[in-house]
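Hi,

Here is the structure I promised to pass on.

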Amino acid sequence: MPDVKLDVLAIAAHRDDVEITCGGTMIKMVDAGYKTGILDLTAGEMGTKGTAEERGRDAAEAAKIMKLSYRENLNLPDAGVELARENKLKIAQVIRNTRPELIILPFWVQRHPDHLAASLLGYDACFLAGLKKLKLDGEPHRPRKIIYTSSFRDVHHTFYVDVTEQMSRKLDAVAAYKSQFDGSEQSNQIFKPGVDIFEFMAITAQHYGHKVGVRYAEAFTVKENILVDDPVKMPVKSI
Ligand SMILES: [Zn+2]
């Protein structure tokens, strides 16, 4: 997709990572009138299931469902995303081209090394993109806010996003990855035998939702503190 000024850019290692971890929030941002985009770092050529081409078609279909304004792929080696300066600069160039206010990154503790690398590369790229003297195309741009998707991680979440209205579209976006999840019991299983990804996403979102009094939610972490303007109207009941 051509470069476009975005409000929100989510960066992840693999096609389908964003859909699974924060797809509901991405859709909610579109519902609110924001322009959203995804930068996938790899094409998925090392994935157990499907080819990179099939995954590319799936990602395009998911982009339509999520009404993304932008989706790009850096074609870094799958299962080999390195913390190299060259990679940081490639991501920084995308940030300059799309000028997002909000960046969504994977949480900084991960099982898959590519997910960890995406988190660290993304942070450094946000910093680099704002440096005037760095030799990149376009004007310097530093996103105002970075949030980390911590759904599925047993860590301290800073906040939740109510995705009750978006949940069915999120599941549709993940189901668009037919090369990964073809609906068969075996194909849908992730992490360990017996865990169906769609059931897992629904249960996790319900669990987070119950913590904040909504049906479905996605979890995020930020490094900085949150400033509240009106404590009287703070959401989520204490008692
Ligand atoms: Zn992944």
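The four donor atoms around the zinc ion subtend angles of 53 to 118°, so the arrangement counts as irregular (tetrahedral would need all angles between 85 and 135 degrees; square planar, for four, and octahedral, for six, need opposite donors over 155 degrees apart and all others between 65 and 115; anything else is irregular). The protein donors are His-14 (ND1), Asp-17 (OD), Asp-17 (OD) again and His-115 (NE2), at 2.1 to 2.7 Å from the zinc ion. Donors here are N, O and S atoms within 2.8 Å of the metal (3.2 Å for Na, K and Ca), and water is not among the atoms, so sites may look incomplete.

Asp-17 sits in helix α1 (residues 17–31) and His-115 in helix α4 (residues 113–129), so the pair ties together parts 98 residues apart in sequence. Helices (H or I, at least four residues) and strands (E, at least two) are DSSP runs, numbered from the N terminus. Asp-17 and His-115 are both buried (under 20% relative accessible area; exposed is over 50%, partly exposed in between; 1.4 Å probe, protein chains only).

Met-201, in helix α6 (residues 197–212), is buried too, with a relative accessible area of 2%.

Before you dig in: this is a predicted model, where local features need pLDDT of at least 70 and side-chain atom pairs count only at pLDDT 80 or more, while totals for chains, interfaces and linings use all residues. Residues are numbered from 1 along each chain as its sequence is written, and side-chain values use heavy atoms, with hydrogens and water left out.

Cheers
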